[in-house]
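Here is a short briefing on the model shown below. Points are grouped by topic.

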Amino acid sequence: MKGARRELRSVTFRKEREAQWQELDALVERALKKGLGTLNEAELRRLPVLYRAALASLSVARRTAMDRALVDYLESLAARAFLAVYGSRKGTRGVIRRALFVEFPRRVRAMAPEMALSLVVTALGAVVAWSLMGVDVGWYDAFVNPALAGGRDPHASTEMLRGALYGEGGQMEGGMLSIFASSLFVHNAGIGMMCFALGFAIGIPTLLLLFTNGLMLGAFLRLYADRGLLYELCGWLLPHGIPEIGAIILCGAAGLHMGRSMLVPGRRTVPQSIGDAGRRASMVVLGSVVLFAIAGLIEGLFRQLVTDDTIRYAFAGFNAIWFFGWLLVAGREPRRPKRPAALPTAKGSGA
Amino acid sequence: MSAAAETDVLPKGVLEVVGPEGVPLRFEAASVAERFVAYLFDLFLVALTGIVLYIGGFIVTVATRLGEPLALVIALAWLVWKFYFIGFELWWQGATPGKRLLGLKVVSEDGAGLTLDGIIARNLMRDLEVFLPLTILLAPDQVFGDAPWYLLLPTGGWIVAMLALPFFSREHTRAGDLVGGTRVVRVPKTVLRRDEAVRHSLAPDAPIVDAWTFTTDQLGIYGEHELETLAALLRDAESGKARPEDLRFVAHTIARKIGFRGSAPEEDPRRFLRAFYEQQRAHLERKLLFGQRKASKLDE
C-alpha cells in the first residue's frame, strides 16, 4: 500500500484470516451436505484446527470488531463448524458393542434401587393374583387377557393345560413358529420401550404396567399350580422367561429411574435431571431390546421344539448364567490400574 | 446452556450452546412446523421401506411356502421403524433425511456432542408423544377402556401438557428432547459480506487518503449503532438499492450534526460517507483498545 494512513485494525484482522475461514467454510459445507466420510484424512485433521482458529477469531471479533457483517459471519461459521465437528462425539465404530457390553450392564448396576422396586412391584402383582386366585378362581379372567391366554383358563381341562406346555394340539410348526417368534419379539420390545417412556409421567404408569404384568404372571402360575403342573410350567416358562421377564423389569426400572429424577432432582433443575436420567436409562432399554430378541427366539423356536423337562431346566440354567453374568460382571473396570482398556466380553456370549 | 441470568437476554427461539472450547455459540431453534414437516418426510420413508419389505416378504413366502422370510420381515420392519431415527442421527451427525432436507440438526444441549444414549432416549419418547395421542383419537377404548373419570382426567391432562410442550417452551423442546438432553436447531447459513472499510470500487492504485479528515471531536459523537446503520446504507448503495437522494440526505444530516464545513456532502455524498465511515470506525476501534466502548450516540 502506498497510502500514508495505516489500514484499519479490523481490516487487517480480516485480511490475515479470511483465507482460513473460507477453507473452513468449504470443509464444513461438504461435511454437512455429504457427511464427514467424504473428507480425506488430511482434511479431517485440518477441520478441528481451523474450527478452533475460527472460534478464536470470533472471540476477538465479538470484543473488538466494529464490523457487524464480520461478526455475524463468524458467528454463523463457528456455529456451522460446531455442528460438523461435534455432530456426534465419538467415532461410531464399536459404539454399539461398547454400549451393549460396557455401558448397559454398568447402568443396570447403577440403578439398583429402581431395579429392586421394579422387581418388588412385579412380585407383588404375582402374589396378589396368586392369593386372590386361592379365594376364587374367577379372578383369573380379570388378570389375564383372554386373547393372550389362548384357552388356557380355569375352565380348561388339566390335559389341555398340560398339552399347551408341550406344543400338543399342534397348531404351530415350521414357518409359523418363526413368525410367532418375531411377532412376540416386536410385541414385547414395544411394551418394554413403553415402560421406559411412561416414566415421563413420574413413573406412575410404569408401576401400573409392572403390577399388571405381575398379576398375569401370578394368575398363570396359580392356575397351573392348582392342577399340580407347577414344575412343568416353570420348565416351559423359565428358558425364555429369564431374558423376557428380566428385560421387562429392566425397562420398568429405567422408567422408574426417569420418574425418580423428576420427583427428586437434587441440586439440578428438573429438565437437567430428566435429561441425565433419561440418557442413563435409555442404555438399559437398548440392552433390553436385545434381551427381548433373544427371548423371542427361545420362545418361538426352542420352547416348541424341546419338550423334555430336564433339557428345558438345563437351558434355563444356562440362560440364567449368561443373563446374570452380563448384568453383574460385564463392563467392570479391571482391578489393576495399568491394564489396557480391552474388557472381557465373553460374559455376553450367550447372545 | 448458559447461566440463567444470561439466558434471560436471549430472544425467544434462540439457544446458546457452549462447546468444549468454552465459546458460547448461538443457534436458532427449529420451529414446530419445520420439525413436523421433517418428521412427516421421515415417516413417509419409513412407511415406504416397510411396505417394500412386506411386499417382498409376502412374495417370497408365497413362492417358497416358507414362513421364515415373513418372520424376518416382521422383525426387520419393526427394527427399521424403531431404529431409523436413532441410526441416522447417530451416523449422519444428528440429522435424519427429513432434517437434512429442511436444514435441521440435533445438538446436545450441554454442547458436549451428541451421544448414543441421548439419541436413543429422545427417540424412545416418540411413541408416547405421537402414537399414544393418535391411538386415543382413533380408538379411545383401547387406551382408556372403562376407566373412571379420576384416572381419565390426570391422564388426559398429562398427555395434553406433553403435546403442548413444544409450542410453549422457548426452544420448542419436545418431551424427547428433554429426556435426551437435546435440542433441534437450524443449520446456520454463512454469508461473508464485503467489508465497507475496504475500497472495492476504486482502482487498486487509487490513493486511499481522502482530501478531508475529521477531528477527534467530530468522531466522538456517533457510536457503534450508527456506524452499523451507515455500513448497511453503504452496502445498499454499492448494490444499487439506495437512492442517491438518500445518501445526500444522510450525508447532510451527519455533516450538520458533527459540524462539518464544506461542500463535500452535497457534491459527492457517497465518497464523503465512506470516508466518514472509515475514520469513525478507526476511531471507535482505537477507543476500544483502551476499553472505552460507545454503543450509540446516546452513550456517555
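Two strands count as paired if DSSP finds at least two bridges between them. By that rule, strand 1 and strand 2 of chain B pair, with five bridges in an antiparallel arrangement. Within this pair, E16(B) stands opposite R26(B) of strand 2. The model is predicted. The predictor gives the complex an ipTM of 0.85 and a pTM of 0.83.

**Confidence in chain B**
- Chain B has a mean pLDDT of 83. Of its residues, 92% reach 70 or more.

**The hairpin of chain B**
- Strands 1 and 2 of chain B form a hairpin with five residues between them. In the turn, G22(B) has a positive phi of about 85 degrees.
- Strand 1 of chain B covers residues 14-18, and its side chains alternate. L15(B) and V17(B) point to one face and are buried.

**Helix 13 of chain B**
- The 21 residues of helix 13 of chain B should span 30 Å at 1.5 Å a residue; the end C-alpha atoms are 30 Å apart, so the two values agree.
- Its buried residues include F272(B), L273(B), F276(B) and L284(B). Charged side chains are on the list too, among them R274(B), E278(B) and R281(B).
- The cover over these buried residues includes helices 9, 10, 11 and 12 of chain B.
- Just after helix 13 of chain B, G291(B) takes a positive phi of about 80 degrees.

**The interface**
- In the contact between the chains, 64 residues of chain B meet 66 residues of chain A.
- On the chain B side, the elements giving two or more residues include strand 2, strand 3, helix 3 and helix 13.
- Helix 5 of chain B gives the largest share of that side, nine residues.
- By class, the chain B side has 39 nonpolar, ten polar and 15 charged residues.

**Chain A: overall build**
- Chain A has 13 helices and zero strands.
- Of its 351 residues, 45% are buried.
- Among chain A contacts between residues at least 6 apart in sequence, 78% join residues at least 24 apart.

**Nonpolar cores**
- The largest nonpolar core has 136 residues. A54(A), A78(A), A81(A), V284(A) and V285(A) touch the most other members.
- Helix 12 of chain A, residues 270-305, gives the most to this core, with 14 residues.
- Leaving out residues up to four places away in sequence, A54(A) touches W21(A), L24(A), L74(A), L77(A), A78(A) and A81(A).
- Another core, of 15 residues, lies apart from the largest one. Its members include A129(A), A219(A), L223(A) and Y224(A).
- Nonpolar side chains tend to be buried together in soluble globular proteins.

**M133(A)**
- M133(A) sits in helix 5 of chain A, residues 112-135.
- M133(A) counts as buried because 22 C-beta neighbours lie inside 10 Å, and the cut-off is 20 or more.
- Leaving out residues up to four places away in sequence, M133(A) touches W139(A), Y140(A), A219(A) and R222(A).
- F220(A) is 87 residues from M133(A) along the chain, yet their C-alpha atoms are separated by 9.7 Å.

Technical notes: Residues are numbered from 1 along each chain as its sequence is written. Chains are lettered from A and ligands numbered from 1 in the order in which they are written. Helices (H or I, at least four residues) and strands (E, at least two) are DSSP runs, numbered from the N terminus. A residue is buried if 20 or more other C-beta atoms lie within 10 Å of its own, exposed if 12 or fewer, and partly exposed in between; C-beta atoms are placed from the backbone. Two residues are in contact if their C-beta atoms, placed from the backbone, lie within 7 Å. The expected span of a helix is 1.5 Å times one less than its number of residues. pLDDT is the predictor's confidence in each residue, from 0 to 100. A nonpolar core is a set of buried Ala, Val, Leu, Ile, Met, Phe, Trp, Tyr and Cys residues joined through C-beta atoms within 7 Å.
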